[in-house]
Amino acid sequence: MHSPKAKNTGRRDGSPVLGGSFEFVPLTKPVNRSSPRHLLQRQGSDPTTARLRASESPLRRRGSGSSTGSASGQGPPEEDGIRLNPSLIGISLSSLLAIDLWLSKRLSVCACEDSSWGSVRPLMKLIEVSGHGIPWLAGAAYSLYKSDTAAGQEVMLNLLVGLLLDLILVGIVKAVVRRRRPAHNQMDMFATFSVDRYSFPSGHATRAAMCGRFLLAHLVLAAPLRVLVLLWVGLVGLSRVLLGRHNVTDVLFGFWMGYCQYNLVEILWFSPQTLQGLLGHLA
Ligand SMILES: CC(C)=CCC/C(C)=C/COP(=O)(O)O
């Protein structure tokens with residue numbers, strides 16, 4: 001069979017001859033052009049010896065696909081060693097991912113009615129509704145409309161801004177990362193966007209973390225109520241995994257993202273003056 005190399009090589013030593021006679025190059029005899037120069041230099045000036053030594057490389061001994069080994073231009077053994085050894089970060093990430101998938105599967109005890117904790121599923125779904133975007137948006141808009149003090153209006157307007165910002169940012173990250181929801185999830189959530197078929201990060205977790213921080217910072221709450229807010233944030237996150245909606249890392253990242261989103265709300269904070277300007281435009 002004609003080898004593609006045959007077109008370019010006209011001499012027995014494999015050196016290319018343009019327009020020369022047609023001749024095959026034996027696969028066991030690599031062309032000089034592709035022998036790594038530094039390998040030849042390190043192993044002595046005799047190219048034949050260098051080729052022999054190259055043929056003893058671990059790559060050849062392992063029989064990993066190439067009959068010409070290092071001398072055929074696939075790089076010296078040291079380079080192969082680097083390429084074949086996965087990095088520490090790679091190993092750590094794959095291990096974390098494996099633990100995440102395993103733990104999430106183990107914890108998805110309310111994923112369906114016949115799961116081991118299937119009877120708790122309605123309660124988990126109630127907690128899910130409590131962290132959904134619609135009740136929060138509707139609640140903030142209603143409170144803004146009903147509030148008769150400038151301070152109350154200012155707080156509710158900024159909560160509304162935070163909730164909209166949360167929807168946008170979570171949507172962007174979900175669309176970029178595109179991590180599929182766990183296979184055991186039943187897609188029976190109400191009022192979802194198309195990006196909500198992706199699971200990273202958990203929108204419920206970002207909202208719960210952001211709103212939790214917001215409520216603690218801007219409402220004067222007694223200690224038991226503050227504890228209740230923190231408990232609710234934790235329960236919303238936990239319910240995402242128990243329902244099988246998310247992996248653990250989706251929720252943990254969601255908490256972190258929601259925490260940071262609150263900082264953004266504080267930076268963007270709409271003052272009463274801005275609010276009056278906005279309302280003036282609307283009126
Ligand atoms: C329709 C509106 C206003 C919000 C959608 C809220 C929602 C369903 C987010 C998905 O949350 P997870 O990422 O935690 O499943």
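Which of the 18 residues around the ligand come nearest? Please go on from there to the rest of the site.

A: This is a predicted model. Among the 18 residues around the ligand, the nearest are Lys 174, Arg 181, Gly 203, Arg 240 and His 246.

The side chain of Lys 174 has an N or O atom 2.5 Å from an oxygen atom of the ligand. Gly 203 takes part through its backbone, where an N or O atom is 2.8 Å from a ligand oxygen. Ser 202 uses its side chain, with an N or O atom 3.0 Å from an oxygen atom of the ligand. The ligand on its own would expose 450 Å², and the protein buries 95% of that area.

Next, consider where the shell around the ligand comes from. Three helices, α7 (133-146), α8 (150-177) and α9 (203-218), each give at least two residues to this shell. The largest share is that of α9, with three residues. Sorted by class, the shell around the ligand holds seven nonpolar, six polar and five charged residues.

The space that the ligand takes is the largest pocket. The volume of this largest pocket is about 290 Å³. Its lining is made of 22 residues, and those closest to the centre of the pocket are Leu 167, Ala 191, Phe 193, Asp 196 and Arg 207. The helices α7, α8 and α9 are the elements that supply two or more residues to the lining of the largest pocket. In this lining it is α8 that gives the most, five residues, whereas in the shell around the ligand the largest share comes from α9. The lining of the largest pocket divides into nine nonpolar, seven polar and six charged residues.

Most peptide bonds are trans, and most residues other than glycine have a negative phi. Pro 201 is in the loop between α8 and α9, and the peptide bond that leads from Phe 200 to Pro 201 is cis, with omega near 0°. Arg 178 also belongs to the loop between α8 and α9. Its phi is near 55°, which is a positive value in a residue that is not glycine.

Conventions:
Residues numbered from 1 in each chain as written. Predicted model: local features only at pLDDT ≥ 70, side-chain atom pairs only at ≥ 80, totals over all residues. Heavy atoms only, no water. Near = heavy atom within 4 Å. Polar contact = N/O pair within 3.5 Å; in protein donor to acceptor, adjacent residues only side chain to side chain. Areas by Shrake-Rupley, 256 points an atom, 1.4 Å probe, with all protein chains shown as cover. 1 Å grid on protein atoms, 1.4 Å probe; cavity = no way out; pocket = protein on both sides within 12 Å on 5 of 7 lines; lining within 4 Å. Sits in = over half its atoms within 2 Å of the grid points. Helix = DSSP H or I, 4+ residues; strand = E, 2+ residues; numbered from the N terminus. Nonpolar A, V, L, I, M, F, W, Y, C, P; charged D, E, K, R; others polar. Points joined across faces, edges and corners; volume = space filled by probe spheres on them.
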